[in-house]
Amino acid sequence: MFHTIEKQVADAFHTHIRIRYGIDLSVTVEQPRQSDFGEMAVPAAFQLARQLRQAPRKIAAELVEELGPIAGVAATEVAGNGYINIRLDRGAYGASLLAGDAAAETPAGEKIIVEHTNINPNKAAHIGHLRNATLGDTFVRMLRASGNRVEVQNYIDNTGVQVADVVVGFHYLEHLAPAAVRGLIADPAVRFDYYCWDLYAGTSAWYHDHPEALAWRTQTLHAIEAGEGELAELAHLVADAIVEAHLATMLRLDVEYDVLPRESEILHLEFWAAAFELLKERHAIVFETEGKHAGCWVMPGLSEEGKVIVRSDGTVVYTGKDIAYQLWKFGLLGKDFYYRPLKTYADGRMLWVTTDQPVESGVRFGHGSRVYNVIDSRQSYLQDVVAEGLRGLGYREQADRSIHFSYEMVALSPRCCAELGIPLSEEDRKRPYVEVSGRKGLGVKADDLLDSLIGKALDEVVSRHPEDSAEQNRAVATRIAIGALRYFLLKFTRNTVIAFDLQEALSFEGETGPYLQYAAVRARKILAKFAERGAPLPDFAAELNAAAMARQLQSEDFWQVLLAASKAESALESAVSAGEPSHVARYAFQLAQAFSNFYQKYPVIHEQNRERQVFLLWMTSFFRQQLERTAAILGIPIPEYM
RNA sequence: GGGCACGUAGCUCAGUUGGAUAGAGCGGUCGCCUCCUAAGCGACAGGUCGGCGGUUCAAAUCCGCCCGUGCCUACCA
């Protein structure tokens, strides 16, 4: 609503200025810091001052004088030394909110692909992975909420070094045959992803002390690539079981995917060979005959030496396969995967996984018009190489539409390491934070963190609601834990390094997920309580006309609160264009703050005046709706009670 | 050496792309449960926006130079 008027105001000024002064000015509309300056402010007079060689105040006065009426605007006035402040027609504004917004547009047209999570399937997920998945998933929700068609991909590198290292651990260090590993996977007493977490750290440590053991890794990688023998079988077992574990972990946070493209199919279906031909044909890569990179295929342009894509032994670098995959996402490779269904989510969404067996699945993935790769900022160079690859092939537009949705890492504060009993080197202790490292086994496992959050929430819930069943309380605690964790990971802007702090993550007070949930629960409670007392909820549209709205909204308090609550669309749009989930999180918090304030000040159920009570109830239900919508975009569930 | 981030209250962070008196949360001090749930609300204290210079009606925001921190800069993934 607010957003619509904002646009109307900008348009009105733009048109008037073009006609009156012949200047094509891009008019910005701001929100004044002080509420008594009105709801919007237009600094256009300042921008015009230079070109017109007149005092801003004089221009502003002229604009206000000559500008015709704008729908929804009650008054325009000159303030300060040239600001134009705008006051909205409160009654009309309230009435149009009451009438409800236009029907949501059905997603159509071009498809946006968002790739996120992408965890190496060789060990349990940690908080760093959670930041990726939560950011990606929330961005997907944001895009969908603003009417886009989105496909979610989670890339599985099931043939890489990391999987190979765990296979080395099983085969060479623990001497376990595939049958024994199958037994471990099936054993309910063993958490296979946790087992591999330790094994991976163990193998890495072994390499450190016995560098000659790295030959095992090479051998294993070859076996995996050939797809034969025990080592390859182990790799499949490990990767499939861990992918299963990751999907389960992410599902706990309500993160779902549409398709899992796997590295093994990229190999077997020879995506790279197709991409290699294209790259050679169009001279996006060149063969070096001398110098440092003699014998390699190199992509020029990015740096002076260029980036090696094919090694002198003829094998392709990881980034090369990434270029092939990126081409496939845009439907530019001329090859495709086959698919088989992996599972069906509770909401009916089907998850597919790639296969190299020719089957008719009836689904089509890829062919996106825009691609977001959610990958941490350390990989920006590699992402640049991928985009440069597309550019080199002549796909300039697709290169520009390949967006590295980057974010900073999650690190551990030295204090946090101490709390978790993680030993640190002398050097690390002096750092502001320590990088999470799967290789070193250094980090907080996602499921452990979620479990301790649930445990803590459960203590609180049980102490508040001893009368409710253990099962119900557990469900509530789980939702609170999810809300706390997702909000914690989303409240920071993407380029802020999160120095993970256990205390802060475990907090349920202040700017946290549970604060939002609490506001929504209270709003629901008021409406439920009102109905409980025998009176049905009033028909708001029938009882509140524009005049009644105007009367109630004379109260500055009500007006400010309603304004805040009606800015959801505006907040979403700016968050989408900035690519910042944290903006949505901030808005959700402000919304909850506004409601908490309202809740404290105005006892809805005890209100005596009928019109005022109807109005308060309407405000409550409006808040409830906005809170629930915004929380849903953040992937934060609302508990039944708190 | 080069590239990309960052430096804002005791701590952790926002700051709508250059606008009016720089904001939250935590922590601190003091208040508020006979009334829809105190995971809440109110009040107070807390700032040379790393430093210096520049651009202009206007700079935390843009430019330059310093100081400090982190990441990247592989024929690893």
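Here we take the sheet, then the surface around the RNA.

Modeller: Happy to! Keep in mind that this is a predicted model.

Colleague: Let's begin with the sheet. In what order do the three strands lie?

Modeller: The order to read is the one across the sheet: here that is β1-β3-β2, in an open sheet with antiparallel pairing. β1 (40-42) and β2 (73-79) each have a single partner strand, so they stand at the edges and one side of each lacks a neighbour in the sheet. On average, neighbouring strands are turned by 25° against each other, with direction ignored.

Colleague: How many bridges join β1 and β3?

Modeller: Three bridges link β1 to β3 (residues 83-88), in the antiparallel sense. In that pairing, V42 faces I84 of β3.

Colleague: Now the RNA. Which residues are closest to RNA strand B?

Modeller: A residue counts as near if one of its heavy atoms lies within 4 Å. By that rule 61 residues surround RNA strand B, the closest being Y83, R311, T493, Y518 and Y599. On the RNA side, sugar and phosphate make up 66% of the atoms within 4 Å of the protein.

Colleague: Which element gives the most to that surface?

Modeller: α26, with eight residues. Others supplying at least two residues include β3 and α21 (513-532). By class, the surface has 31 nonpolar, 15 polar and 15 charged residues.

Colleague: And what lies 3.4 Å from a phosphate oxygen of RNA strand B?

Modeller: A polar side-chain atom of Q593. Backbone atoms take part too: a polar one of V497 is 3.3 Å from a phosphate oxygen, and one of E511 is 3.3 Å from a sugar or linking oxygen.

Key: Residues are numbered from 1 along each chain as its sequence is written. Chains are lettered from A and ligands numbered from 1 in the order in which they are written. This is a predicted model: local features need pLDDT of at least 70, side-chain atom pairs count only at pLDDT 80 or more; totals for chains, interfaces and linings use all residues. Side-chain values use heavy atoms; hydrogens and water are left out. Two strands pair if DSSP finds at least two bridges between them. Helices (H or I, at least four residues) and strands (E, at least two) are DSSP runs, numbered from the N terminus. Axes are lines fitted to C-alpha atoms, for helices over the stretch in contact, and angles run from 0 to 180 degrees between N-to-C directions. A polar contact is a pair of N or O atoms within 3.5 Å; within protein, one must be able to donate a hydrogen and the other to accept it, and residues adjacent in sequence count only if both atoms are side-chain atoms. Ala, Val, Leu, Ile, Met, Phe, Trp, Tyr, Cys and Pro count as nonpolar, Asp, Glu, Lys and Arg as charged, and the others, Gly among them, as polar.
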